[in-house]
Amino acid sequence: MGAERFAALWGSLSPVGRVGDDGGYVRHSWTDTDLVCREWFVEEALDRDLEVEIDRNGNLWAWWGEPEGEGAVVTGSHLDSVPHGGAYDGPLGVVSGLLAIDRLRERGVTPSRPIAVVVFTEEEGARFGVPCLGSRLLTGAYDPAQALRLRDRDGTWLADAMGRAGLDPDRLGPDPERLARIGAFVELHVEQGRALDHLDAPIGVASSIWPHGRYRFDFTGEGNHAGTTRMADRHDPMLTLAHTVVAADVAARTHGAHATVGRVDVAPNATNAIAARASAWLDARAADTDTLQKLVDSIRQRAEERARHDGTRVAVATESLTGEVGFNGDVSRLAALELNAPVLPTGAGHDAGVLAGHVDTAMLFVRNPSGISHAPQESASDADCAVGVEKLTDLLARLCQ
Ligand code: HGY
Ligand code: MN
Ligand code: MN
Ligand code: MN
């Protein structure tokens, strides 16, 4: 496939949800923008005579062959983004899946098992706070009753957002029959780092996904007047929060891990008022679960020490936790052999990481020259993306015959 052919389909989706002239995207689940992206996917699937269905958790499936057939070969990814995210994280896997179907047909491949392109919903967790929500609900990794208690920052319930899109939230839950019919899952994804660039390789194969967790630190202090309250009399939760952010940085460097506080909420959030409350969300990742636990424990301990010093209080809630994922099944071995590509770990979470616990799964990465992701500078060349489609087609052809 030539780069211009990839660019043609890519160009029909890429303008949707782009918000800034720096190329940032806001595509949050069940918003109007997300519904436009989903309509785009359905149209492209129907143009390919694929049978489209939406499952009980809102994930979209486009089938070549019998959806009820056994041993299905599934590819795809997600269309939602982080706030002001990049163009490729998610959509690249969906566009490449549709183009791989085209390429299989052009190569004259007659699949002996169904093939599907899937769009998982709420992979980033940017709106309702739980990453990979669609694939976790599908696999039973997330309690549907808990999902019905999820609200976005404006207070909109997940159930209402899904209801607005015509879905019945009471049907949320595991889908074991659907899962049992999947024989293999392959997710193609833009690399979120620069390993392939350094290796001068357009494509890579994932070996593992780091364990990662999301934790909400709630700090409580004493709101007061910024101008009249002596420093010695303050119980400022922002001070405890700030020391916790520094502690997270120090602990991550000590443990060779990654710790990020990219989101805070402050109340009353006024220039001339000492905060009464503040929340900070910690994204913590490490090469193994023991290190992750040590990392988070040391950050929590530092936060509690500082809270005692500041006369504030801190409470920590675990919002999501994903264990280590090893891609070491037949499909991943085949991918590494077939594609003759570098094999590398990733610190990013993916739906493939959720499926891997149930289905023989592989992940392919496409080179990202900027190495940046979850930001507008995320990049991939049309040429490398076209190579990604060909390599995905190679792998799907081996799996479906
Ligand atoms: O956060 C992640 O690791 C993924 O990009 N959702
Ligand atoms: Mn992402
Ligand atoms: Mn992603
Ligand atoms: Mn006043």
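**Exercise 1.** Identify which side chains make polar contacts with the nitrogen and oxygen atoms of ligand 1.

*Solution.* Begin with Glu-123, which places a polar side-chain atom 3.1 Å from a nitrogen atom of ligand 1, a polar contact being a pair of N or O atoms within 3.5 Å. Next, take Glu-124, where a side-chain N or O atom is 2.9 Å from a nitrogen atom of the ligand. Then turn to an oxygen atom of ligand 1, which has a side-chain N or O atom of His-374 at 2.9 Å. Finally, consider the cover: of the 210 Å² of accessible area that ligand 1 has on its own, the protein covers 94% (Shrake-Rupley method, 1.4 Å probe).

The model is predicted, with local features needing pLDDT of at least 70 and side-chain atom pairs pLDDT 80 or more, while totals for chains, interfaces and linings use all residues. Residues are numbered from 1 along each chain as its sequence is written, chains are lettered from A and ligands numbered from 1 in the order in which they are written, and side-chain values use heavy atoms, without hydrogens and water.

**Exercise 2.** Describe how the protein chain is divided into domains.

*Solution.* Domain 1 comprises 3-210 + 324-399, and domain 2 comprises 212-322, with bounds from an automatic or database domain assignment. Their C-alpha centres lie 33 Å apart.

Definitions and conventions. A polar contact is a pair of N or O atoms within 3.5 Å; within protein, one must be able to donate a hydrogen and the other to accept it, and residues adjacent in sequence count only if both atoms are side-chain atoms.
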